[in-house]
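Here is a short briefing on one structure. Keep the sequence and the 3D view open while you read.

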Amino acid sequence: MISLLVPVLLYAVAFMLTARIVPGIEVRSFRSAVGFAVVFAILDGLLFKLLAIVTLPLVVVTLGLFLLVIRAWLFMLTDKFIDGVKIDGFFSALIGSLVTACLNSGITWMVHKIF
């Protein structure tokens, strides 16, 4: 159970930091950020691979950059399920998903180095 909880909490922390960095993303509370992390993980796990396969020709033509568009769309879709999170537009979602991924990688790396 802990092995599932820690990554979600780390992603929530990264998302909270992203909300402070990226204009157009607002998070009311840490509880909303945790909810966002849980719903995004579920949607990402269920839809990302399916959408990547369906849009494979576009992914190949853009050399994989269309995968960033898919992640941004999932970011915006997650916003619709969580009340305490507001993402203003596609550009905010695109930058937000990139920043969150980078911050989450850094935070996870630091936690693994410490523990």
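Isoleucine 21 counts as exposed because its relative accessibility is 53%; exposed means over 50% relative accessible area, buried under 20%, and partly exposed in between (1.4 Å probe, protein chains only). This is a predicted model, in which local features need pLDDT of at least 70, side-chain atom pairs count only at pLDDT 80 or more, and totals for chains, interfaces and linings use all residues. Residues are numbered from 1 along each chain as its sequence is written, and side-chain values use heavy atoms, with hydrogens and water left out.

**Isoleucine 21 and its contacts**
- Isoleucine 21 lies in helix H1. Helices (H or I, at least four residues) and strands (E, at least two) are DSSP runs, numbered from the N terminus.
- Isoleucine 21 touches Val99 and Leu103, leaving aside residues up to four places away in sequence. Contact means heavy atoms within 4.5 Å.
- Isoleucine 21 and valine 99 are 78 residues apart in sequence, yet their C-alpha atoms are 8.5 Å apart in space.

**Nonpolar surface patch**
- Ile2, Leu5, Val6, Leu9, Val13, Leu17, Ile21 and Phe30 form a nonpolar patch on the surface. Their accessible area together is about 650 Å², from the Shrake-Rupley method with a 1.4 Å probe, where for residues only the protein chains shown count as cover.
- Patch residues have over 30% relative accessible area and no salt bridge; nonpolar side chains (Val, Leu, Ile, Met, Phe, Trp, Tyr) are joined within 5 Å, like charges within 9 Å.
- H1 gives the most to this patch, with seven residues.
- Valine 6 sits in helix H1. Valine 6 counts as partly exposed, at 37% relative accessibility.

**Helix H2**
- H2 covers residues 30-54, 25 residues in total. Its first and last C-alpha are 34 Å apart, close to the expected 36 Å. The expected span is 1.5 Å times one less than the number of residues.
- H2 bends by about 35° at aspartate 44. The bend is the angle between axes fitted to the seven residues ending there and the seven starting there.
- Buried residues of H2 include Phe36, Phe40, Leu43, Asp44 and Phe48.
- The buried residues of H2 pack against helices H1, H3 and H4 and strands S1 and S2.

**Salt bridges**
- The structure holds two salt bridges, each a side-chain nitrogen of Lys or Arg within 4 Å of a carboxyl oxygen of Asp or Glu.
- Arginine 71 and aspartate 44 form a salt bridge, 2.3 Å from N to O. Arginine 71 lies in H4 and aspartate 44 in H2, so the pair ties together parts 27 residues apart in sequence.
- Aspartate 88 pairs with lysine 86 in a salt bridge, with the closest N and O atoms 3.0 Å apart. Lysine 86 is partly exposed, at 44% relative accessible area.
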